[in-house]
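Here's a quick briefing to read with the model open on your screen. Take a look at the charged pairs to start with, then move on to the sheet and the cores.

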Amino acid sequence: MPCEPYKSTIKRSPSQPLIYLPHTLSEITGPVYGHGEIGETDNDLTRQHKEEPRGERIIVTGRVLDSNGRPVPRTLVEIWQANAAGRYVHIKDQHPAPLDSNFTGAGRTLTDENGAYRFMTIKPGAYPWFNHYNAWRPAHIHFSIFGQAFLSRLVTQMYFPGDPLFAFDPIYQSISDEKARERMVSKFDLETTQPQWALGYKFDIVLRGPEATPFEP
Ligand SMILES: [Fe+2]
């Protein structure tokens with residue numbers, strides 16, 4: 001790998017023996033979502049402010065599937081991402097790239113009865129970080145998928161096809177199986193692409209099984 005390993009892997013791994021904590025009711029039950037709780041522009045990150053954000057408009061859509069390829073309906077899908085310049089709205093992000101007052105970078109939606117979700121957003125920019133000298137993250141969108149209980153939340157990152165930074169990114173490269181890594185990369189899709197408006201990307205999320213999307217521990 002032409003980059004240093006992800007430093008935080010060591011910092012984030014347990015240094016003490018594990019303690020067994022039995023689950024209580026609040027952990028084995030989960031939220032019941034209705035369409036009422038999701039706002040009209042929650043899945044359109046380009047319409048959450050007075051004006052349109054700057055950058056390349058994109059559509060990101062796909063399905064949430066279980067290990068047998070069955071759709072997972074009415075599950076909460078949340079995303080968060082940097083703006084077109086590679087900057088997050090976060091106090092810790094001091095990357096000298098402009099913030100965009102018309103872009104928060106957070107969205108959520110429920111899958112429909114076919115397990116499908118859809119977001120309209122802006123293509124995020126690559127951004128530098130301090131893992132090693134000249135470290136840059138490939139453009140990505142963070143995804144969270146809620147399961148049937150509060151503890152069954154899965155978090156992953158979606159990438160864009162053909163990114164030249166893949167070979168230099170220790171987070172992307174931390175998935176050693178090449179096929180599994182490729183399942184985190186969305187596919188450009190002309191059918192999803194809206195004429196005169198936005199490019200479309202397909203990203204299916206498989207929760208379990210041999211074809212599972214890699215998730216963050
Ligand atoms: Fe990120």
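The structure holds eight salt bridges, each being a side-chain nitrogen of Lys or Arg within 4 Å of a carboxyl oxygen of Asp or Glu. Keep in mind that this is a predicted model, where local features need pLDDT of at least 70, side-chain atom pairs count only at pLDDT 80 or more, and totals for chains, interfaces and linings use all residues. Residues are numbered from 1 along each chain as its sequence is written, and side-chain values use heavy atoms, with hydrogens and water left out.

**Salt bridges**

- Asp42 and Arg108 pair up through their side chains, at 2.9 Å from N to O.
- That pair links distant parts of the chain, 66 residues apart: Asp42 sits in the loop between α2 (25-28) and β1, and Arg108 in strand β3. Helices (H or I, at least four residues) and strands (E, at least two) are DSSP runs, numbered from the N terminus.
- Asp42 is buried at 18% relative accessible area, while Arg108 is partly exposed at 28%. Here buried means under 20%, exposed over 50% and partly exposed in between, using a 1.4 Å probe and protein chains only.
- Arg47 bridges to Asp44, with the closest N and O atoms 2.8 Å apart. Arg47 is partly exposed at 43%, and Asp44 is buried at 10%.
- Glu40 joins Asp44 and Arg47 in a network of salt bridges.
- Arg183 and Glu211 meet at 3.9 Å, N to O. They also link distant parts of the chain: Arg183 lies in the loop between α4 (178-182) and β9 (187-188), and Glu211 in the segment after β11 (205-206), 28 residues apart.

**The sheet**

- Four strands make an open sheet in the order β3-β2-β7-β8, with antiparallel pairing; strands pair if DSSP finds at least two bridges between them.
- β3 (106-110) and β8 (153-159) are at the edges with a single partner strand each, so one side of each has no neighbour in the sheet.
- β7 and β8 pair over seven bridges, and Phe146 has Arg153 in β8 as its bridge partner.

**The cores**

- The largest nonpolar core has 21 residues, of which Val64, Tyr117, Ile141, Phe143 and Ile205 touch the most other members. Such a core is a set of buried Ala, Val, Leu, Ile, Met, Phe, Trp, Tyr and Cys residues joined through side-chain atoms within 4.5 Å.
- β1 (57-65), β2 (76-80), β4 (116-122) and β7 (140-146) each supply at least two residues of this core.
- A second, separate core of nine residues includes Trp129, Ala135, Phe166 and Met184.
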